[in-house]
Amino acid sequence: MDPFVASAACLDISQTLYRALYRVQATHLRGHDPGDALAALASVDPERVKIPDTEDGLRLRAALRGIQAARNLHPHP
C-alpha cells in the first residue's frame, strides 16, 4: 500500500498528487483497467508538486520522473 494514500499524513503532498495516487490504488484494488488512472498520474509534474523530503518522498519523486521520461519518449496523440 502506498504510504501517501494509506494515512492522513498525506497532507504533506499536493492534493493533485494525492488524488492521482488514490485513483491508481483504487483502480488496482477493484481490478479495473488502470489506463485513465495511470494517465492522470503520468500528467503530474514531479518538479512542481509538493512532496516531502523523506525517503519515501524522494522515491516517489524519482518514480514520477521516470514516468515523465517514459511518457516523453512515447507521447500519445
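What pLDDT does the protein average, and what share of the residues score at least 70?

1. Confidence. This is a predicted model, and the protein averages a pLDDT of 84, with 81% of the residues scoring at least 70. Confidence is lowest in helix H1, residues 3-6, where the mean is 59, whereas helix H2, residues 15-30, has the highest mean, at 92.

2. Overall make-up. The protein contains 4 helices and 0 strands, and the pattern read along the sequence is accordingly written α-α-α-α. Buried residues make up 31% of the 77 residues of the protein.

3. Packing of H2 and H3. The axes of H2 and H3 are 9 Å apart and meet at an angle of about 155°; since angles over 145 degrees count as roughly antiparallel, the two helices are therefore roughly antiparallel to each other. Their crossing is left-handed. On the H2 side the contact is made by Leu17, Ala20, Leu21, Arg23, Val24 and Thr27, and on the H3 side by Asp36, Ala37, Leu38, Ala40 and Leu41.

4. Thr27, from the H2 side. Thr27 lies in helix H2 and is one of the residues through which H2 makes contact with H3. Is Thr27 buried or exposed? Its relative accessibility is 14%, so Thr27 counts as buried, the cut-off for that class being under 20%. When residues up to four places away in sequence are not counted, Thr27 touches His32, Asp33, Pro34 and Ala37, and Ala37 is also listed among the H3 residues at the helix contact.

5. Leu38, from the H3 side. Leu38 is placed in helix H3 and takes part in the contact between H2 and H3, yet at 41% relative accessibility Leu38 counts as partly exposed. Leu38 and Ile67 are 29 residues apart in sequence, and their C-alpha atoms are 9.5 Å apart in space.

6. Salt bridge between Glu47 and Arg65. The count of salt bridges comes to 2, and one of them joins the side chains of Glu47 and Arg65 at 2.6 Å, N to O. This pair links distant parts of the chain, since Glu47 sits in the loop between helix H3 (35-42) and helix H4 (55-73), while Arg65 belongs to helix H4, 18 residues apart. Arg65 has a relative accessible area of 40% and is therefore partly exposed. Side chains of opposite charge can pair when their charged atoms come close.

7. Salt bridge between Asp56 and Arg59. The side chains of Asp56 and Arg59 also meet in a salt bridge, at 2.9 Å, N to O. Where do these two residues, Asp56 and Arg59, lie? Both are in helix H4, 3 residues apart, which is about one turn of the helix. Asp56, at 30% relative accessibility, counts as partly exposed.

8. Leu58 in H4. Leu58 likewise lies in helix H4, and with a relative accessible area of 49% Leu58 is partly exposed, a class that gives way to exposed over 50%. Leaving aside neighbours within four places in sequence, Leu58 is in contact with Pro52 and Asp53.

Definitions and conventions
Residues numbered from 1 in each chain as written. Predicted model: local features only at pLDDT ≥ 70, side-chain atom pairs only at ≥ 80, totals over all residues. Heavy atoms only, no water. pLDDT = per-residue confidence, 0-100. Salt bridge = Lys/Arg side-chain N within 4 Å of Asp/Glu carboxyl O. Buried < 20%, exposed > 50% of the residue type's maximum accessible area, 1.4 Å probe, protein only. Axes fitted to C-alpha atoms, helices over the stretch in contact; angles between N-to-C directions. Parallel < 35°, antiparallel > 145°, perpendicular 65-115°, else oblique. Left-handed = near helix turned anticlockwise from the far one by under 90°. Contact = heavy atoms within 4.5 Å.
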